[in-house]
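Reader: I am new to this structure and would like to know how its labels were reached. Please take me through the terms and the values behind them.

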Amino acid sequence: YVKATDIGNNDRIFPISYVAAWSMVKKAGKLVNIELRPHDLRRHAATYASRSGTPIEIVSKVILRHADLSTTQRYLGKVNDTEAIRWIETLYG
């Protein structure tokens, strides 16, 4: 779809605002009775990829799009094992 419609790297694929996306994520969390924020999904994706063996450079540059690897290292360092396991079990269990 991206190639067929000539969407650039910085173009939006889905024309929604941050507020609309935030609202959708909050609503999805309520449907499953968990407090959920868009940032939680971003952090979960990075944590899951990292714990699954994805190199930290890929997590940093591709998933999180951080300019500096040290930012990613601090970011992932805030997620403890219990929290990561809880998120994985909640979303994939």
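Author: What follows takes the labels in turn and sets values against definitions.

Reader: What kind of model is this, and how are its residues numbered?

Author: This is a predicted model, in which local features need pLDDT of at least 70, side-chain atom pairs count only at pLDDT 80 or more, and totals for chains, interfaces and linings use all residues. Residues are numbered from 1 along each chain as its sequence is written, and side-chain values use heavy atoms, with hydrogens and water left out.

Reader: How many helices and strands does the protein have, and what counts as one?

Author: Helices are DSSP runs of H or I with at least four residues, strands are runs of E with at least two, and both are numbered from the N terminus. The protein has 5 helices and 0 strands. The order of its elements from the N terminus is α-α-α-α-α.

Reader: How do you know that the length of helix 2 agrees with its number of residues?

Author: The expected span of a helix is 1.5 Å times one less than its number of residues. Helix 2 covers residues 38-51, which is 14 residues, so it should span 20 Å. The C-alpha atoms at its ends are 20 Å apart, and therefore the two values agree.

Reader: What makes a residue of helix 2 count as buried, and which ones do?

Author: Buried means under 20% relative accessible area, exposed means over 50%, and partly exposed lies in between (1.4 Å probe, protein chains only). In helix 2 the buried residues are Pro38, Asp40, Arg43, His44, Ala46, Thr47 and Ala49. Aspartate 40 has a relative accessible area of 5%, so it is buried. Of the 93 residues of the protein, 25% count as buried.

Reader: Which residues make up the largest nonpolar core, and what makes it a core?

Author: A nonpolar core is a set of buried Ala, Val, Leu, Ile, Met, Phe, Trp, Tyr and Cys residues joined through side-chain atoms within 4.5 Å. The largest one has 6 residues: Ala46, Ala49, Val59, Leu64, Tyr75 and Leu76. Helix 2 and helix 4 (69-77) are the elements that give two or more residues to this core.

Reader: Which residues does tyrosine 75 touch?

Author: A contact means heavy atoms within 4.5 Å. Leaving aside residues up to four places away in sequence, tyrosine 75 touches His39, Arg42, Arg43, Ala46, Leu64 and His66. Histidine 66 lies in the loop between helix 3 (56-63) and helix 4. With the same exclusion, the contacts of histidine 66 include Arg42, Ser60 and Tyr75.

Reader: What makes lysine 26 and glutamate 35 a salt bridge?

Author: A salt bridge is a side-chain nitrogen of Lys or Arg within 4 Å of a carboxyl oxygen of Asp or Glu. The closest N and O atoms of lysine 26 and glutamate 35 are 2.7 Å apart, and the pair forms a salt bridge. Lysine 26 is at 19% relative accessibility and so counts as buried, whereas glutamate 35, at 58%, counts as exposed.

Reader: How many salt bridges does the structure hold?

Author: The structure holds 2 salt bridges. One of them joins the side chains of arginine 37 and aspartate 40, at 2.7 Å from N to O. Arginine 37 is at 42% relative accessibility, so it counts as partly exposed.

Reader: Where is asparagine 33, and what is its phi?

Author: Asparagine 33 is in the loop between helix 1 and helix 2. Its phi is positive, about 60°, although asparagine 33 is not a glycine. It has a relative accessible area of 71% and is therefore exposed.

Reader: Where is aspartate 6, and why is it called buried or exposed?

Author: Aspartate 6 is in the segment before helix 1. Its relative accessible area is 67%, so aspartate 6 is exposed. Aspartate 6 also has a positive phi, of about 55°, although it is not a glycine.
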